[in-house]
Amino acid sequence: MNAEKAAQSGVPDSAETRLEWVRSRMAKAARRFDLEPDRVQLVAVSKTFGPEAITPLITAGQRVFGENRVQEAQAKWPALKEENPDIELHLIGPLQTNKVRDAVRLFDVIETVDREKLARALAREMAAQGRQLPVFVQVNIGGEAQKAGCAIEDTGELVALCRDLGLAVKGLMAIPPADLPPGPCFAHLAQLARDCDLAGLSMGMSGDFETAIAMGATHVRVGSALFGSRETVNQRAGVTGN
Ligand SMILES: *Cc1c(COP(=O)(O)O)cnc(C)c1O
């Protein structure tokens with residue numbers, strides 16, 4: 001089987017094989033912890049990659065994608081979505097309020113609601129466009145100074161505010177600190193989600209999605225394991241440190 005051969009030799013080289021490889025690892029992780037394999041959604045993070053890299057994954061059956069910048073996504077996704085109307089595009093990067101209109105128009109899920117001002121702007125814009133998008137509240141789970149996400153202790157209040165505003169809050173999202181083992185952070189996020197009565201958990205990336213699944217992830221955001229490594233210049237600008 002392709003996926004197994006790939007797993008033995010490292011990262012496989014075609015988009016289709018990579019997808020099969022990631023999906024088989026996800027399924028294996030779910031089975032190991034007696035979880036329904038279908039409960040975990042794969043968000044393919046296509047940031048820095050163009051349509052020529054994205055299209056083969058769409059052809060291979062992938063439908064859920066993630067981008068971290070509104071402007072970059074605007075440059076490539078309208079055409080791809082027109083050809084594939086069942087694509088679900090997630091915003092997984094910081095959102096400035098002056099980009100909220102564009103974001104609500106283009107994206108299908110907003111994973112990075114992390115402050116009151118943004119929640120209010122999103123609620124207003126969704127009402128104006130008649131487009132009620134599911135959202136996740138992003139938590140700064142490692143309490144890092146420069147990192148996006150609301151403070152752990154503010155999570156309950158922000159979730160409540162989002163609900164009051166009529167936003168469809170599906171879950172919590174986080175990026176654990178790069179220099180710590182992610183497991184305890186994932187477990188902490190899962191606990192916060194339970195406290196807020198939220199079922200969705202967007203956590204886990206290429207290096208740790210199996211751990212995230214073990215801790216209850218419902219969405220894993222996987223970039224480099226699907227697309228290969230990103231350009232150095234883009235990595236520096238991006239959110240992750242790998
Ligand atoms: C880039 C990015 C990812 C994917 O990272 P990989 O390590 O390439 O899988 C996941 N989540 C967020 C928020 C990102 O910015």
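## A buried phenylalanine and its partner

At 9% relative accessibility, Phe227 counts as buried, a word used here for residues under 20% relative accessible area, with exposed meaning over 50% and partly exposed lying in between (1.4 Å probe, protein chains only). Phe49 is buried as well, its relative accessible area being 15%. The model is a predicted one, in which local features need pLDDT of at least 70 and side-chain atom pairs count only at pLDDT 80 or more, while totals for chains, interfaces and linings use all residues. Residues are numbered from 1 along each chain as its sequence is written, and side-chain values use heavy atoms, with hydrogens and water left out.

## Aromatic pairs

Rings of Phe, Tyr and Trp (its six-membered ring) are taken as a pair if their centres lie within 6.5 Å, and planes under 30 degrees apart count as stacked, over 60 as edge-to-face and the rest as tilted. By this rule the count comes to two aromatic pairs. In one of them, the ring centres of Phe49 and Phe227 are 5.1 Å apart and the planes stand at 20°, so the pair is stacked. Because Phe49 lies in the loop between strand 1 (41-45) and helix 3 (51-59), and Phe227 in helix 10 (residues 224-227), this pair ties together parts that are 178 residues apart in sequence; helices (H or I, at least four residues) and strands (E, at least two) are DSSP runs numbered from the N terminus.

The rings of Phe65 and Trp77 have their centres 5.0 Å apart and their planes at 45°, so that pair is tilted. Phe65 belongs to strand 2 (residues 64-67) and Trp77 to helix 4 (residues 70-83), so the parts that the pair ties together are 12 residues apart in sequence. Both Phe65 and Trp77 are buried.

Strands are said to pair if DSSP finds at least two bridges between them. Strand 1 and strand 2 pair in the parallel sense over two bridges, and Ala44 stands opposite Phe65 in strand 2. Strand 2 also pairs in the parallel sense with strand 3 (residues 88-91), over four bridges, and His90 in strand 3 is the bridge partner of Gly66.
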